[in-house]
Each structure stands twice: as structure tokens, then as C-alpha cells.
Amino acid sequence: MRHLQRFGRSPHWTRTCDFAYPHGTPYHRAPICCPTSDSSAKPSFMRLGNPIPILRIFDEAKAKEFYLDFLGFTLDWEHRFEAGLPLYMQVSRDGCILHLSEHYGDGSPGIAMRIQTHDLEALQRELLTKQYRYARPEIEETPWGSHDMSVHDPFRNRLTFTSAIG
């Protein structure tokens, strides 16, 4: 049974719903916020965006060689509080955004992450033409049906480019 109630909000959005518990416990009436049939009232639903991982790095030159020169990311911005202090920077490629940090406490080296890739074979061909001396990535078929290609950055973070996430 559902009916509208006012809880200091529009009556179009707040109502109570009766819930029956499986063990014969009496019904519980709880307020919930959800749309009613009145289409004139529009909520502002909270939405989550894409996560932006923070990867720990220890050497600016090696990080830029790997992420910019080898993987083809673009340097969006970099920040230091002052000269000689740790670097924090953002790199991106297509819809993938990564933060790279020299700051102590901004992650541990050796993380693993998966990046959805729409044409994995094209990415592999591109990376192989660059002749990066520390990686010759290969595509492997996984038991769960995706095709994955993993590379490690100089700080032992593993980036797995994959044809399917789910």
C-alpha cells in the first residue's frame, strides 16, 4: 500500500511504502523519495561520475615517458606547491583520466586497474610501433571472455586495457 505524505517536501516526491518482512514480522512503514505520476515535479537525482584513480609515481621523467610518450596520454595540468616539492598531475586520453602523484600517501605503488578500450587491437598496434624498451604488450583472451592487454608503468602499477568490463 502506498500513499503520499508530506515530510517538508513536495507531496509529489515523498511517500511511504509498506514493507513485509519474511519472518512474519509486522509491516514497516518507511518514508522514501521517488517520483509519483505527477510529471511536473522533477527531482535532481544524484549521479556518480567516472572514477579518477590516483597512481603513485616516484620519477617525473619516467612517468612522462611512459604515460605521455608510450601510452599517448596528454598532460592536462601539473601542480607543485613550490619548486622541489612533490608533483601532482593529470593526464588524459579520450575519456580516460588519470592523476599521477609523487605525494606520500596518495596511493601505493603496485595497484591494478582496468580501462575499457573500444579497439584493443588498434591500441596494441600503436603501442608496438613506439618500440618502448620496457614493454611489448600482448592481448590475451581471458576465461571470462574478454580480451585484455596489461602493461606495467615504471612504478609497478598495472594498467589492463580490456575489451569488456562487466
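1. Thr-160 is buried, with a relative accessible area of 5%, where buried means under 20% relative accessible area, exposed over 50% and partly exposed in between, computed with a 1.4 Å probe and the protein chains only. This residue belongs to strand 11, which spans residues 158-162. Leaving aside residues up to four places away in sequence, Thr-160 touches Met-113, Arg-114, Ile-115, Asp-148, Met-149 and Ser-150, a contact being heavy atoms within 4.5 Å.

2. A word on the basis of these values: the model is predicted, so that local features need pLDDT of at least 70 and side-chain atom pairs count only at pLDDT 80 or more, while totals for chains, interfaces and linings use all residues. Residues are numbered from 1 along each chain as its sequence is written, and side-chain values use heavy atoms, with hydrogens and water left out.

3. The protein has two helices and 11 strands, and from the N terminus on the elements run β-β-β-β-α-β-β-β-β-α-β-β-β. Helices (H or I, at least four residues) and strands (E, at least two) are DSSP runs, numbered from the N terminus. Of the 166 residues in the protein, 31% are buried. Among contacts between residues at least 6 apart in sequence, 45% join residues at least 24 apart. The accessible surface comes to about 11100 Å², and 53% of this belongs to carbon and sulfur atoms; such areas come from the Shrake-Rupley method with a 1.4 Å probe, and for residues only the protein chains shown count as cover.

4. Strand 11, the strand of Thr-160, is part of an open sheet of four strands with the order 8-11-10-9 and mixed pairing, two strands being paired if DSSP finds at least two bridges between them. At the edges of this sheet are strand 8 (112-116) and strand 9 (139-141), each of which pairs on one side only. Neighbouring strands of this sheet are turned by 30° against each other on average, direction ignored; the axes behind such angles are lines fitted to C-alpha atoms, for helices over the stretch in contact, and angles run from 0 to 180 degrees between N-to-C directions. Strand 8 and strand 11 pair in the parallel sense over five bridges, and within this pairing Ile-115 has Phe-161 of strand 11 as its bridge partner. Helix 2 (residues 120-129) packs on the sheet, where it touches strand 9, strand 10 (147-152) and strand 11, and its direction makes about 30° with that of strand 10.

5. A second open sheet has four strands in the order 4-7-6-5, again with mixed pairing. Its edge strands are strand 4 (54-56) and strand 5 (74-79), each pairing on one side only, and the twist averages 25° from one strand to the next. Strand 5 and strand 6 (residues 88-93) run antiparallel and are joined by five bridges; in strand 6, Tyr-88 is the bridge partner of His-79. Helix 1 (residues 60-70) packs on this sheet, touching strand 4, strand 5, strand 6 and strand 7 (96-101), and its direction makes about 155° with that of strand 5.

6. Strand 6 deserves a separate remark, since five of its six residues are buried and the strand is thus mostly covered. Met-89 of strand 6 is the bridge partner of Glu-78, and Met-89 also has a bridge partner in strand 7, namely Leu-100. Strand 6 and strand 7 run antiparallel, joined by six bridges.

7. Most residues other than glycine have a negative phi. Asp-94, in the turn of the hairpin that strand 6 and strand 7 form with two residues between them, has a positive phi of about 55°, and at 77% relative accessibility Asp-94 counts as exposed. Arg-156, which lies in the loop between strand 10 and strand 11, has a positive phi of about 70° although it is not a glycine, and at 53% relative accessibility Arg-156 also counts as exposed.

8. Finally, the largest pocket holds about 320 Å³ of space and is lined by 15 residues, of which Arg-93, Asp-94, Gln-116, Thr-117 and Leu-123 lie nearest its centre. The elements that give two or more residues to this lining are strand 8 and helix 2, and the largest share, three residues, comes from helix 2. On a 1 Å grid over the protein atoms alone, a pocket is an open set of points with protein on both sides within 12 Å along at least five of seven lines, and lining residues have an atom within 4 Å of a point. Grid points are joined across faces, edges and corners, and the volume is the space filled by probe spheres set on the points.

How values were computed. 1 Å grid on protein atoms, 1.4 Å probe; cavity = no way out; pocket = protein on both sides within 12 Å on 5 of 7 lines; lining within 4 Å.
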